[in-house]
Amino acid sequence: MAGMTDQFNAKTTADEVLKGIDLAGRRYIVTGGASGIGLATAEALTRAGADVTVATRRPAGDQKALDLSDLDSVRAFVDGWDGPVHGIVANGGVMAIPERQTAKNGWELQLATNFLGHFALITGLHDNLRAARGARVVVVSSGIQVKGPFDFDDPQFERHPYDPWEAYRNSKVAGSLLAVGIARRWAGDGIVANTADPGYVATNIQRHLDEDTLRGFGMVDADGKPADVLPEFFSTAEEAAATTVLLAAHPLPAEVNGRYYIYCQEAEHVPGGPDATSGVAGWSLDPAAADRLWALAESAL
Ligand SMILES: NC(=O)c1ccc[n+]([C@@H]2O[C@H](COP(=O)([O-])OP(=O)(O)OC[C@H]3O[C@@H](n4cnc5c(N)ncnc54)[C@H](OP(=O)(O)O)[C@@H]3O)[C@@H](O)[C@H]2O)c1
């Protein structure tokens with residue numbers, strides 16, 4: 001997408017994207033904003049003057065309690081929200097939980113946390129987003145979406161063996177489809193929704209990975225100790241948050257709605273498949289899949 005974002009790239013930080021932008025009077029919710037990329041996002045939005053609510057399952061100080069995997073908790077958060085919300089950053093998440101676990105409602109835990117909780121939060125706050133007249137929703141997805149489509153046949157792993165990465169991938173394709181679904185439904189309400197892919201960042205999200213996998217990513221050395229220098233393809237949290245705040249708060253052309261961005265640029269559209277390593281796959285932006293997933297999520301609320 002040529003134009004307003006041309007000056008930004010993989011090394012741009014969230015503060016650099018927000019330079020000169022005054023967010024005073026604008027209210028944002030950042031899920032999972034207590035650590036990692038979410039923390040960098042919340043801090044940058046706050047420095048730009050926004051009123052940021054950090055929603056986290058272990059709140060400290062003035063943070064707000066929100067357990068994305070628990071629909072009662074999401075409902076309580078929504079009921080406790082008053083007035084407009086100018087931006088929701090759907091960033092909280094878990095990755096590659098080794099054994100299949102389920103949320104209280106029976107959904108597989110990664111899908112429940114990364115996708116369904118955010119669906120409930122965002123749809124629960126639809127009126128509040130509309131009231132902001134120009135609200136933004138940013139869903140934080142992952143490059144893993146390029147590896148395969150959402151599994152509508154058995155998304156809860158009830159009939160085929162659980163795989164930690166397949167479950168994570170499902171949840172992240174679902175995230176991108178959530179942005180597409182919002183863009184399809186709520187453009188008339190002045191609400192814009194896009195997906196941010198943060199690239200690779202060393203954070204708590206890798207907590208479930210075994211040593212071999214961490215070594216494969218170059219995050220630990222031969223002895224299993226944290227690497228002194230991370231491989232070039234890693235970003236800092238402040239760089240990863242740049243794409244998020246670009247979509248949450250920077251001026252964007254009107255047609256940037258339901259799009260997928262990485263490194264502050266729109267991702268290349270690719271066919272996708274198990275060997276694909278970059279770009280956004282067609283199935284992550286497919287309107288029919290977005291509608292099917294929306295119906296599936298609505299039936300769970
Ligand atoms: N790091 C990467 O390389 C990478 C790559 C692609 C995509 N992403 C995505 O980026 C986002 C941020 O991840 P991160 O890397 O910054 O990791 P992180 O530091 O672990 O942040 C994830 C946040 O989500 C919160 N969270 C987890 N389960 C939750 C729940 N049930 N309810 C509410 N909050 C919950 C975590 O809180 P707790 O501290 O309580 O667990 C944590 O604050 C995630 O959506 C992740 O999938 C990251």
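This is a predicted model: local features need pLDDT of at least 70, side-chain atom pairs count only at pLDDT 80 or more; totals for chains, interfaces and linings use all residues.
**Entry 1: S284**

I started with S284, which counts as buried at 0% relative accessibility. For my own record, buried means under 20% relative accessible area, exposed means over 50%, and partly exposed is in between, with a 1.4 Å probe and protein chains only. Residues are numbered from 1 along each chain as its sequence is written, and side-chain values use heavy atoms, with hydrogens and water left out.

S284 sits in the loop between strand 10 (280-281) and helix 9 (287-300). Helices (H or I, at least four residues) and strands (E, at least two) are DSSP runs, numbered from the N terminus. Next I looked up what S284 touches: Q145, V173, S176, L177 and V180, not counting residues up to four places away in sequence. Contact here means heavy atoms within 4.5 Å. With Q145 there is also a polar contact, side chain to side chain, at 2.8 Å. A polar contact is a pair of N or O atoms within 3.5 Å; within protein, one must be able to donate a hydrogen and the other to accept it, and residues adjacent in sequence count only if both atoms are side-chain atoms.

I moved on to G181, which is in helix 6. Is G181 buried or exposed? It counts as buried, at 0% relative accessibility. Leaving out residues up to four places away in sequence, G181 touches A290 and W294. G181 and W294 are 113 residues apart along the chain, yet their C-alpha atoms are separated by 6.8 Å.

R184 is in helix 6 too, but R184 counts as partly exposed, at 47% relative accessibility. Apart from neighbours within four places in sequence, R184 is in contact with P287 and D291. The side chains of R184 and D291 make a polar contact at 2.8 Å. I noted their spacing as well: 107 residues in sequence and 8.9 Å in space, C-alpha to C-alpha.

**Entry 2: The ligand**

Which residues come nearest to the ligand? Of the 29 residues around the ligand, I wrote down R57, R58, N91, Y168 and T203. A residue is near a molecule if one of its heavy atoms lies within 4 Å of it. The shell divides into 10 nonpolar, 14 polar and 5 charged residues.

I then checked the backbone. A backbone N or O atom of N91 lies 2.7 Å from an oxygen atom of the ligand. For I205, a polar backbone atom is 3.2 Å from a ligand oxygen, and for G32 the distance is 3.4 Å. The protein covers 96% of the 880 Å² of accessible area that the ligand has on its own. These areas come from the Shrake-Rupley method with a 1.4 Å probe; for residues, only the protein chains shown count as cover. Helix 2 (36-47) and helix 6 (164-186) are the elements that give two or more residues to the shell.

**Entry 3: Helix 4**

Where does helix 4 bend? Helix 4 (residues 109-124) bends by about 35° at L116. The bend at a residue is the angle between axes fitted to the seven residues ending there and the seven starting there. At its start, a side-chain oxygen of E108 reaches to within 3.0 Å of the backbone nitrogen of Q110.

**Entry 4: Two positive phi values**

Most residues other than glycine have a negative phi. I found R133 with a phi near 50°, a positive value. R133 lies in the loop between helix 5 (126-131) and strand 5 (136-140) and is exposed, with a relative accessible area of 75%. C264 is not a glycine either, and its phi is about 65°. C264 lies in the loop between strand 7 (260-262) and strand 8 (265-266), and counts as buried at 0% relative accessibility.

**Entry 5: T244**

Last, I looked at T244 in helix 8 (residues 237-249). T244 counts as buried at 1% relative accessibility. Beyond residues up to four places away in sequence, T244 touches T41, V89, V138, V140 and A196.

Key:
Ala, Val, Leu, Ile, Met, Phe, Trp, Tyr, Cys and Pro count as nonpolar, Asp, Glu, Lys and Arg as charged, and the others, Gly among them, as polar.
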